[in-house]
Structures are given as C-alpha cells and as structure tokens.
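Open the model and keep the sequence beside it. We will go from a pocket to helix pairs, then to rings and backbone details.

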Amino acid sequence: KVLAKNGTLPEINRIAVVVPTPLPYLYLAKQVFGQAGIPYQLQDGFPLTTEPYLAAIDLLFDFIEHPTEYSPSFQLLLNPFFEFPGVSEHALVALETELQTRNNIHGNEAWARMRNRSRQQPVQLGIPGLEGHNHSGLVQNVLETIHTLEHTLTPMASPTTPMTTKINGMRDFLTRYERTTSPHDDAPRHNRARGALLTILDQLENVDRVLGESPVEFHTFRKTLHDAVQSHTFSERTGDNGIHIIDARSAALGMFDLVILVGLNEGEWPSRRDHNIFYPQWLLQDFGWPSDFDSLSSERIAFKELIRVSRRHVAVFRHQLEEDAPTISSPFLEDIEDLTAAHTQHIPARAMNALVTSRNHALRSGLVQPDRSVPKRPTPGILKQRLPKPEPVSATAFELYLRCPFKYYAKYILHLDEEDEIHMGFSPLQRGRIVHEILKEGFQQWDATADVPQPYTEENYDQAVSLFRRIAKEKIPRKYHSIELARLFGSHGHVGAIEWVLRQEMTRGPVAKRFVEHPFRTNLRLEYGPNGESPWHVDIKGRVDRVDIDLAGRIHVFDYKTGKAPESKVTLQIPLYAMCLAQDFSAETTQATYLSLRDRKAVRRDDYEKTATQLRETYRLISEGHFPPRPYQDHLCNSCGYIGLCRKEISETALPTEVQEVKPIT
Ligand code: SF4
C-alpha cells in the first residue's frame, strides 16, 4: 500500500512473497491471493503417489494377486483409466446377477466352469434392467476378458520370472487396455503421471538388468515399484503471471524488485531444530553433526543473502498470534535493521488496517473488477417483503434484536420457542423471577404501612430486612433456603443482594410515591422518526420494576438485573421506559438505573438521545425485514436455542447490512 501510494510499486511479476516453509504458507497464499483476485504464480511439489492414475495401477496389482475374486476383477474392469473390449456396465451387471444366483462363487475352477457353461447356453432375454440384451453373451464376454487378462498377466504373478518380465507384462497390459485419453478431462495431469510411471519402470528395468535379472516374487516387485513411486514428486505450476510465491531456498536464486518476507517469527526464521533425544550434542559433533551455533550462523547468512535478492524494496511481516498465543519475533529482524538501517521505514499497524481479506472485500475496495456481472441473489437474512410496523414496541423484543436480529425473527415473527438450556436445581430464570417477586412484595408491604412511603434509615433497617427475609422464605423453595438466603441477605463478611438494595435506598431522599411492577402503554413523541418523519409518534408498552417519584416530582426508574448490568449498545429498556414515564407523568426524569444484584452495582443510563437513535434504527431494520444471524458477540451462539436454525455460517459470506442514521426531513 505504501509503495503504491508513492507510485513506486514494482511491476507485479517483479514481486516475490517469500515464505520460510511451504506449509502452511502456500495453502494460505493460494487462498488469500485467490480470493482477493490478485494474480500469483507458484510451483508446488506433489507426491506422485497421490495421482489417481497410480491408484488405478494398484487395482491392476490387486487383480494379478486375486484374478478370480469378485472385488478385484470388477474394480479393474470398471476403472475409467482402462477399457476392455466387450465389457460394458451392462455386461458387469449381468455377471453380478449371475454370480448372485450362484451364491457368489469364486475361485479359478468355479469361474472356469461358469465360463464353459455360458459358452454353451442359449440366448436368454429379460433380466430386469437388462431387457434387450443378450444376458449369456454379456456374461460370457466378461468372463472371457477376465480369463484373457489372467492368462496375459500370469508371467507377472509367477515367482520364477525376473523383474524385467514383470515390467514388460505391465507395459503390454498398458498398451492393450489403457484408455488413450484421460477420463477426467485433465490430459496434462494424466500424461504427466503416466510419463512418470513409465520412466520409473525404465529405471527399474535398467537396474534389474545390471543386477542379473534374478527371479522375484510378485509382492517384492509390487513393493519395489511402490517405494519408487513414493519417492517421486512432481511439480505443478499454478499461474504464469503475477506475484511469485516461493520458499526461502528458491528465492535465493531469483532477483526481484520487491521481496516480501512473511513469518518473521521465532521457530520459522531460524527454523525450529529437532534435537536428537538419544545422543548429546557434544557426542554428535564428534561425528560431524553441526552444532546449534553453526546451524544458526548458516541460516543467518542465508537470510542476509535473501535480503539482497531484492534490487529495490524489502518488506517484512510477522504474525503476532498463533492459535491465540502471542508469538515471539525472529532474532533475524535485528539483522535487517543492521543491514538496511539507512533505508528502513516502519509502517505503524494502524496504517495497515485496510487489509484485503476476501474477494468481496477486494471488489468493494475497487482493487479488482468482477469477471462478469453477477445476477442479484437474495441476501441471506433479508426478507423481500416489508413487514407490518413492529408496534406496540416491546423494549425486551428490541433488545433481543440488538443481541442477534435472527433471534428476534425466530421468536417474534416465526413464534418459535427457543430451546432452553436444561438446569439441574435452581435455574437462573427461576431465581430471577423469585427475586423480582420478593422485591415487589417487600416494597409494597413496606409502603402499605403509611400514607407515603417510609424512608429506609439506620433505625428501621433491621425491620426492613426482616420483612424482606420473611417474604423470601415464603417464595424460595425450602431445599434452596440456605444458599439462596445467604445470597440475598448475606453471611459473615458478605453483603447480600437485597441488603445492598436496601442500603442503596438509605442513601436516597424521601419518596412521595412509589410504583412497583408498573405497567404502562405510551404513545411516545420523538422529534423525528426512522424515515425522517417529524414529529414521530411510536406506541411503546412495558412494565417497569420500580418507579419512585421524589418530593420535587422528579421520577427515578429502576430495573433489577440478577446478572450483570447489560451493555449499553444492546440495551435500551430502562432509558426508553424513563422517557415514556416522563411523558406520562409530565415530569422530569432524573435517574434511569439498572441495579445489578450480582455485581452490587448501580448503572445509570441517562443517554436518552442515543436511546432514541437505537429505537429509530432498530424499528427501521425490523420494518424493512433485516434479520441476519449476526450476534453482537460470537459467544452468544454457544447458548442460543436457534443455533440449528439460523445457518449463520452461510450468511457470514453475505455483505453486511448498511446501517444509516436518519436525519429529520427539514
Ligand atoms: S446461533 Fe448465533 S447467529 Fe444464530 S440465532 Fe443464535 S445468536 Fe444468532
């Protein structure tokens, strides 16, 4: 980016990305450059043994070892790399049917008898699936082919023939039965694998001639060929234009204008050394093994040579995390500074925050052009039709939308119940419900003793605690008393949750009126709405845990949380309720507070402007049918009951929903 900005970025074919080891960097580079649409070229070594053509040769060997058994014969005859005159799929089905009627007989003599019988049998029509075919003729064709193959390949199977004879037998077989074209439409690959095999056969033949052509068992020949194939690799070239992706050893032989070294981490540069666990190093050194110091020195020299491979620029990168663990930088980084001190430029991390991470990203950044016009597809998580207005607005539902839009969709539009986690004993849900009931009844009974709510003071504190404790004992199932009462009313050196609430009350002034579990429905008036309409009236309904009206007529709104106080970006309930009640009571709101009983913490939420924006934005997205499975934190999915439904992994590739802030129409 920096070079491109300066106009000094070299031509793409003069750039090399140098990796310390092929794995995992080559796979990573292919993925990253491929997805970003940046042309690249590399040459990769693959084991010959992974080629499908070599697997077909293995089937030939299986057949040689067991020529009159069902599986090896059928697998060879069906293999797409070979073709056998008169053997078709129909013929193989006919033979299979015949074998089934004869209890799957196998073995030389049994198959020979069957072959003779099929030679004499009259034409027979009407085998299901083979109507119109001469069944006996088909069976006979296959049996004759197997017999011919067996006969041709007998010298290979014989323990008295030398390797040269076996190799010639293979060549004859390939000449007669090999398909001339690749069955997988990849002729270069097929020819390359075939050429490699024939070369190996030539080499083995030469060796055998030199060694006197002594007889070998078939399994020895098979193993020798197998070992030879395993030790062969072939290079596959990917791309012939673009950035070169090469390993450090190959890079030393090239010359580039920009060399990008990646993986400048300890363990990669220099490479991690495996120590011999059987012998100490001083002993190995006597046998000529290099010491750690010597190895490090030679790697350091090679690294310095690598830096000089570039005629103009060198860029170095290191990753800072590996499987979530911080990594250590390579000691060679210091060498770079020594070598190039006069020209080194450090690029701060924040200047690189526009990394291209996917082809979509590259397309959106305008770095690459689409190959073709892409037909518009429905975006996962976005409904085509507009939905009815989400009114009356439920703050709880809107908060669910903020936590994950798909959860809102599943619960409030599809009306699907979320699968609950199974809890043994007192569940958090049960605890929350009971604590709310205790607080509701406690405040109600306390306030009922006088015309105006009595303030909580040091003098009446014990009396208040006794009242709440009595209610708690009635509400909490007996078997959970000891733990839950300690949780609510404390024990030695530990303040209970309800004790904390009452002590909070002691710090407040007197209250003129108190409402608990107060239901309301308000036609809230906001300055402007989600589509710019001004003013905007929106129907809100809810139930407030507690509303206190002080002597000056100001309202204080409280919401109890048995867990921690929620984060402001996914909550709007308490400030929204405060806005509604302020309008209902024509009063000024002084406090909107979450009381976290778990953390014994009061969290003020007086951000009414932000809440109005959250309300407008959520309202708009719901009305427009935006319900992507996008949790605000990934760990939410771990306990989500809709995890089997939302197909989050599919929609992750979709473009993110644009969020726009609406301005009032003037
Ligand atoms: S599993 Fe995750 S993405 Fe899917 S609905 Fe649940 S929270 Fe949302």
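**A pocket and its surroundings**

H18 gives the most to the lining of the second largest pocket, with seven residues. This is a predicted model, in which local features need pLDDT of at least 70, side-chain atom pairs count only at pLDDT 80 or more, and totals for chains, interfaces and linings use all residues. Residues are numbered from 1 along each chain as its sequence is written, and side-chain values use heavy atoms, with hydrogens and water left out.

Some terms come first. Helices (H or I, at least four residues) and strands (E, at least two) are DSSP runs, numbered from the N terminus. A pocket is an open set of points on a 1 Å grid over the protein atoms alone, where a 1.4 Å probe fits, with protein on both sides within 12 Å along at least five of seven lines. Lining residues have an atom within 4 Å of a point.

The second largest pocket holds about 2,200 Å³ of space. That volume is the space filled by probe spheres set on the points, with grid points joined across faces, edges and corners. Its lining counts 48 residues, and the closest to the centre are Arg403, Pro428, Leu429, Lys561 and Thr562. Several elements supply at least two lining residues each, among them helix H16 (395-403), helix H18 (428-447) and strand S12 (555-561). By class, the lining has 16 nonpolar, 12 polar and 20 charged residues. Here Ala, Val, Leu, Ile, Met, Phe, Trp, Tyr, Cys and Pro count as nonpolar, Asp, Glu, Lys and Arg as charged, and the others, Gly among them, as polar.

Helix H20 is also on the list of elements that supply at least two residues to this pocket. H20 (residues 481-489) packs with helix H21 (residues 497-506) at an angle of about 20°, with the axes 3 Å apart. Axes are lines fitted to C-alpha atoms, for helices over the stretch in contact, and angles run from 0 to 180 degrees between N-to-C directions. H20 and H21 are therefore roughly parallel. Angles under 35 degrees count as roughly parallel, and those over 145 as roughly antiparallel. Arg487, Leu488 and Phe489 in H20 meet Ala497, Ile498 and Glu499 in H21. Contact means heavy atoms within 4.5 Å. This contact has four nonpolar, no polar and two charged residues.

Now turn to another helix pair. The axes of helix H3 (residues 52-65) and helix H10 (residues 218-230) come within 11 Å and cross at roughly 170°. H3 is therefore roughly antiparallel to H10. Their contact divides into seven nonpolar, two polar and four charged residues. Phe61 in H3 and Phe221 in H10 are among the residues of the contact.

Next, the rings. There are 24 aromatic pairs, meaning rings of Phe, Tyr and Trp (its six-membered ring) with centres within 6.5 Å. One of them joins Phe173 and Tyr177, tilted, at 5.2 Å centre to centre and 45° between the planes. Planes under 30 degrees apart count as stacked, over 60 as edge-to-face and the rest as tilted. Phe173 and Tyr177 are about one helical turn apart, because they are four residues apart in helix H8 (residues 163-177).

Last, the backbone. A cis peptide bond joins Glu391 and Pro392, with omega about -5°. Pro392 sits in the loop between helix H15 (359-364) and strand S9 (393-394). Ser534 and Pro535 are also joined by a cis peptide bond, with omega about -5°. Glu517 is not a glycine, yet has a positive phi of about 50°. Glu517 lies in strand S10.

Note on methods:
Angles under 35 degrees count as roughly parallel, over 145 as roughly antiparallel, 65 to 115 as roughly perpendicular and the rest as oblique.
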